[in-house]
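Subject: Structure handover

Hello,

Here is the structure I promised to pass on. Please look it over first, then read my notes below.

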Amino acid sequence: AGYGPDRKPGKALSEKFTKWRRAVGIVRPQVSYHSLRGGFATALDKAGIVQSDIAILLGHSRGLFWVYSQGPGLKRLRDAVEAVKYEGL
């Protein structure tokens, strides 16, 4: 339930995030689920994570290359997430 025509949960997740952020008092222009993803992508990029790993973590299409590759593995993806630092928090 809540999935879009492409069977991805983007719309449902966006609605849940909006409900959560309003409940915790985050009500500002330009704050959305998409800006959360953008901030995460930027933080991964600043941490020096390779673009193919960033794409996987953001749920983007893996493309033709991944037909032949088994991917980076969960440990490498976990290490990528743990490398994220948010300054000023």
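Let me start with D53. Leaving out residues up to four places away in sequence, D53 touches P72, R76 and L77. Contact here means heavy atoms within 4.5 Å. D53 sits in helix α3, residues 51–57. Its relative accessibility is 3%, so D53 counts as buried. The classes are these: buried is under 20% relative accessible area, exposed is over 50%, and partly exposed is in between, with a 1.4 Å probe and protein chains only.

A word on where this comes from. This is a predicted model, in which local features need pLDDT of at least 70 and side-chain atom pairs count only at pLDDT 80 or more, while totals for chains, interfaces and linings use all residues. Residues are numbered from 1 along each chain as its sequence is written, and side-chain values use heavy atoms, with hydrogens and water left out.

Now the overall picture. The protein has five helices and zero strands. From the N terminus, the order is α-α-α-α-α. Helices (H or I, at least four residues) and strands (E, at least two) are DSSP runs, numbered from the N terminus. The protein has 89 residues, and 21% of them count as buried. The accessible surface is about 7100 Å², and carbon and sulfur atoms account for 58% of that. Areas come from the Shrake-Rupley method with a 1.4 Å probe; for residues, only the protein chains shown count as cover. Take the contacts between residues at least 6 apart in sequence: 31% join residues at least 24 apart.

Next, helix α2. Which residues of α2 are buried? They are Y33, A41, A43 and L44. These four cover an arc of only 165° around the axis, so they lie on the same side of α2. The arc is that of the directions from the helix axis to the C-beta atoms. On the other side of α2, H34 and K46 are exposed. After α2 comes G48, with a positive phi near 85°.

Last, Y86. It lies in the segment after α5 (74–82). Y86 has a relative accessible area of 44%, so it is partly exposed. Setting aside neighbours within four places in sequence, Y86 is in contact with G39, F40 and A43. Y86 and F40 are 46 residues apart in sequence, and 9.1 Å apart in space, C-alpha to C-alpha.

Best wishes
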